[in-house]
Amino acid sequence: DRRMTETLWTYLSQISTVVGLLISIPVFWTWWQVVFGEQRRRRRQLMEVRQNPGDRPGVLIVDLQPHHGVRTSVEAHLASDENLKAIPKDRIVMVQRDGSFRPDDTLAFAEELRSAVHKLADAGVDVIHVFHAGPYVSAMMVGAVLANSKRVMLYQHDRGHYHNFGPLQPPRFMTN
């Protein structure tokens, strides 16, 4: 009787080991997909978003650097980019200051910025490509004004070229 009980427990132990190993396979697979598959999927979606200019793209140029003028370099970039060169002039707006940007200028700048964004919205723009040259404070103001608008793509100037840094805020399908 005792020997039979020990044999039964031995078999049950072996069966539970096999079942535990079998159950661990889908658990491990799920963990792998959540950790690594989700990151890969988000990277792929981000690349798709960065390469899609939208059906009615527009451009917002913010130039707050005195004596620098970035409009020419932005227009050169637009002309060289296959996805952006078809943007008509009426969907390119600019907010510019000739002098330095001071704290007293923030209210007027914010109003000009809102006006430029409204002009793009009135033109039916579904994606705003933003080129910014100026102090960090103005960049934060641009981000605050555009945070609740259409999709916003950010560009960074580096060594004579503009690089697409992707959306200002990830699209809803990319956030949890």
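1. In this note a residue is called exposed when its relative accessible area is over 50%, buried when it is under 20%, and partly exposed in between. Arg-2 has 67% relative accessibility and therefore counts as exposed. The model discussed here is a predicted one.

2. Overall architecture. The protein chain contains four helices and five strands. Their order along the sequence is α-β-α-β-α-β-α-β-β. Of the 176 residues in the chain, 30% are buried. Among contacts with a separation of 6 or more, 71% join residues 24 or more positions apart.

3. Overall dimensions. The radius of gyration of the protein chain is 27 Å, whereas a compact globule of 176 residues would have one near 16 Å. The C-alpha trace extends over about 100 × 35 × 35 Å along the principal axes. The chain exposes about 12,000 Å², and 57% of this area comes from carbon and sulfur atoms.

4. Helix α1 covers residues 2–51. Both Arg-2 and Glu-6 belong to this helix, and they are four residues apart, about one turn. An α-helix has 3.6 residues a turn, so residues three or four places apart point the same way. The side chains of Glu-6 and Arg-2 form a salt bridge with an N to O distance of 3.4 Å. Arg-2 is exposed at 67% relative accessibility, while Glu-6, at 44%, is partly exposed.

5. A nonpolar surface patch. Which residues form the nonpolar patch on the surface? They are Leu-8, Trp-9, Tyr-11, Leu-12, Ile-15, Val-19, Ile-23 and Val-27, and together they have about 830 Å² of accessible area. Val-19, one of these residues, lies in helix α1. Val-19 has 39% relative accessibility, which lies between the 20% and 50% limits, so this residue is classed as partly exposed.

6. Ser-24 as a reference position. Ser-24 is also a residue of helix α1. Its relative accessible area is 35%, so Ser-24 is partly exposed. How far apart in space are Ser-24 and Val-145? The C-alpha to C-alpha distance is 49 Å, and the two residues are separated by 121 residues in sequence.

7. Helix α2. This helix comprises residues 71–80, and its buried residues are Val-74, His-77 and Leu-78. Seen down the axis, these buried residues fall within an arc of 100°, and they therefore line one face of α2. The face turned away from the buried side carries Thr-72, Ala-79 and Ser-80, which are exposed. The cover over the buried residues of α2 includes β1, β2 (92–96), β3, β4 and β5 (161–167).

8. Helix α4. Which residues of α4 (residues 136–146) are buried? Ser-138, Met-141, Val-142 and Leu-146 are the buried residues of this helix. They lie on the same side of α4 because they cover an arc of only 125° around the axis. Tyr-136, Met-140 and Ala-144 are exposed on the other side of α4. The buried residues of α4 pack against β1 (57–63), α3 (106–122), β3 (127–133) and β4 (151–158).

9. Further salt bridges. The count of salt bridges comes to six. One further pair is Arg-102 and Asp-105, whose closest N and O atoms are 3.9 Å apart. The limit for a salt bridge is 4 Å, so this pair is included at 3.9 Å. Is Asp-105 buried or exposed? Asp-105 has 13% relative accessibility and is therefore buried, whereas Arg-102, with a relative accessible area of 45%, is partly exposed.

10. The side chains of Arg-114 and Glu-111 meet in a salt bridge at 3.7 Å, N to O. The two residues are three residues apart in helix α3, so about one helical turn separates them. Arg-114 is partly exposed at 39% relative accessibility. Glu-111 is likewise partly exposed, with a relative accessible area of 48%.

Definitions and conventions: Residues are numbered from 1 along each chain as its sequence is written. This is a predicted model: local features need pLDDT of at least 70, side-chain atom pairs count only at pLDDT 80 or more; totals for chains, interfaces and linings use all residues. Side-chain values use heavy atoms; hydrogens and water are left out. Patches are made of residues with over 30% relative accessible area and no salt bridge: like charges are joined within 9 Å, nonpolar side chains (Val, Leu, Ile, Met, Phe, Trp, Tyr) within 5 Å. Accessible areas come from the Shrake-Rupley method with a 1.4 Å probe; for residues, only the protein chains shown count as cover. Buried means under 20% relative accessible area, exposed over 50%, partly exposed in between (1.4 Å probe, protein chains only). The arc is that of the directions from the helix axis to the C-beta atoms. Contact means heavy atoms within 4.5 Å. The radius of gyration is taken over C-alpha atoms; the globule rule is 2.2 Å times the number of residues to the power 0.38.
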